[in-house]
Amino acid sequence: MNDKIQGPKVFKTTEGKERFTKEEVKKQQKTWRPLLHEKTENKKFFPNYFYAGFWIRLFAYCIDLICVSAITNGTVGLAYRVAAVKISNSFLSFSSLLALAIYLAYFTLLTKLNHGQTIGKMIFGIRVVSLTETELSWGTVIIRETVCRFILKGFPFILGYVVAAFTDHKQHVGDYFSDTSVITINVLKAFNKEMRA
C-alpha cells in the first residue's frame, strides 16, 4: 500500500522508493526528454518494402566502380601514360591519392547534386534518402559518402556494407551514422500512383 509523503505529488512505494503521480510525470517528461537525445520522433520511416535490397545495391555499386575506374583511367591514367611515368601501387603515392579523391568525389558529388543517385543507382532505380531530413544536406552526404565510404573502402571494414542485408531499413554502417537508407523509386511512385499500369 502506498503512503503519501510530503504533499500530494510524490508517493512512497512499499519498497520505500519515491515515485511521481501521473500529473507530475507529464510535467517532468518535457524536462527529461532532451536528456535522452531522442531523434526518433523526427524520423520518417518508410514501409520495409520501400527499401532497396542488398543485392540490387551491390549491383549498383559495381556499376559505380566501373564508372569510377573509367574516370580514373581517363584522367590520372591518361596523364601518366602521356608523361611516360609508371603508376605506383603504393597507397600513399600521388596517383593512388588522386584515384581515392576521384572515388570519393564521384559518390559525394553525385549523391548530393543528383538527388541521392549515382549512375549505378540511376540504372537500378534506387536513391539515397535521409530519415531525418527532407533533402540530403551536405553534412549528411559528407558523413555517408566521404567519411564512411573512405573507412569502408578497405578490408575488413568493407564488411560493414553486408549489415544492410540484415537490418529492417536496409542500412549499412554508413547509413547508421548518417541516418540514411536507400529506397526503390518505382515502389514509391506506385505507392503514390504516379506510374501508369
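**Figure 1. Val-187 in helix α7.** Val-187 sits in helix α7, which covers residues 185-191. This view, like those that follow, comes from a predicted model. With a relative accessibility of 27%, Val-187 counts as partly exposed, because that class lies between the 20% limit for buried and the 50% limit for exposed. Apart from neighbours within four places in sequence, Val-187 is in contact with Tyr-49 and Phe-50. Gly-125 is 62 residues away from Val-187 along the chain, yet the C-alpha atoms of the two are separated by 9.6 Å.

**Figure 2. The protein chain as a whole, for orientation.** The protein chain holds seven helices and five strands. Read from the N terminus, the order of these elements is β-β-β-α-α-α-α-β-α-α-β-α. Of the 197 residues in the chain, 34% are buried. The accessible surface of the chain is about 13,000 Å², and carbon and sulfur atoms account for 64% of that surface. When contacts between residues at least 6 apart in sequence are considered, 60% of them join residues at least 24 apart.

**Figure 3. Helix α2 and its kink.** Helix α2 runs over residues 54-82, a total of 29 residues. At 1.5 Å a residue, α2 should span 42 Å, and its end C-alpha atoms are 40 Å apart, so the two values agree. The helix has a kink of about 35 degrees, and the kink is centred on Asn-73. After α2 comes Ala-84, which has a positive phi near 55 degrees.

**Figure 4. Buried residues of α2 and what covers them.** Which residues of α2 are buried? They are Arg-57, Ala-60, Tyr-61, Asp-64, Cys-67, Val-68, Thr-72, Val-76, Gly-77 and Tyr-80. Residues three or four places apart in an α-helix point the same way, because such a helix has 3.6 residues a turn. The cover over the buried residues of α2 includes the helices α3 (94-113), α4 (119-124), α5 (138-151) and α6 (173-178). Strands β4 (126-130) and β5 (180-184) are also part of this cover.

**Figure 5. Residues annotated as a transmembrane region.** An unreviewed UniProt entry carries the annotation "transmembrane region" for residues 49-71 and 91-111. In the model, residues 49-71 are 78% helix and 0% strand. The end C-alpha atoms of residues 49-71 lie 34 Å apart.

**Figure 6. Ser-178 in helix α6.** Ser-178 belongs to helix α6. Its relative accessibility is 6%, so Ser-178 counts as buried, the limit being under 20%. The side chain of Ser-178 takes part in two kinds of pairing, one with backbone and one with a side chain. The backbone oxygen of Gly-174 is reached by the Ser-178 side chain at 2.8 Å. The side chain of Thr-180 makes a polar contact with the Ser-178 side chain at 2.9 Å. Not counting residues up to four places away in sequence, Ser-178 touches Thr-140, Ile-143 and Arg-144.

Figure 7. Leaving aside neighbours within four places in sequence, Arg-149 is in contact with Tyr-61, Tyr-103, Leu-104, Phe-107, Lys-121, Arg-144 and Tyr-161. One of these contacts, Tyr-61, is among the buried residues of α2. Arg-144 is in contact with Arg-149 and is also touched by Ser-178.

**Figure 8. Backbone in the loop between α5 and α6.** Most residues other than glycine have a negative phi, and most peptide bonds are trans. The peptide bond from Phe-155 to Pro-156 is cis, and its omega is near 5 degrees. Pro-156 is placed in the loop between α5 and α6. Lys-170 lies in the loop between α5 and α6 as well. Lys-170 has a positive phi, near 55 degrees, and is a residue other than glycine. Its relative accessible area is 22%, so Lys-170 is partly exposed.

**Figure 9. His-115 in the loop between α3 and α4.** The loop between α3 and α4 contains His-115. Phi of His-115 is positive, near 55 degrees, in a residue that is not glycine. His-115 counts as exposed because its relative accessibility is 52%, and the limit for exposed is over 50%.

Methods. Residues numbered from 1 in each chain as written. Predicted model: local features only at pLDDT ≥ 70, side-chain atom pairs only at ≥ 80, totals over all residues. Heavy atoms only, no water. Helix = DSSP H or I, 4+ residues; strand = E, 2+ residues; numbered from the N terminus. Expected span 1.5 Å × (residues − 1). Bend = angle between axes of the 7 residues up to and from the residue. Buried < 20%, exposed > 50% of the residue type's maximum accessible area, 1.4 Å probe, protein only. Contact = heavy atoms within 4.5 Å. UniProt positions renumbered as here; feature names shortened; annotations may be inferred. Areas by Shrake-Rupley, 256 points an atom, 1.4 Å probe, with all protein chains shown as cover. Polar contact = N/O pair within 3.5 Å; in protein donor to acceptor, adjacent residues only side chain to side chain.
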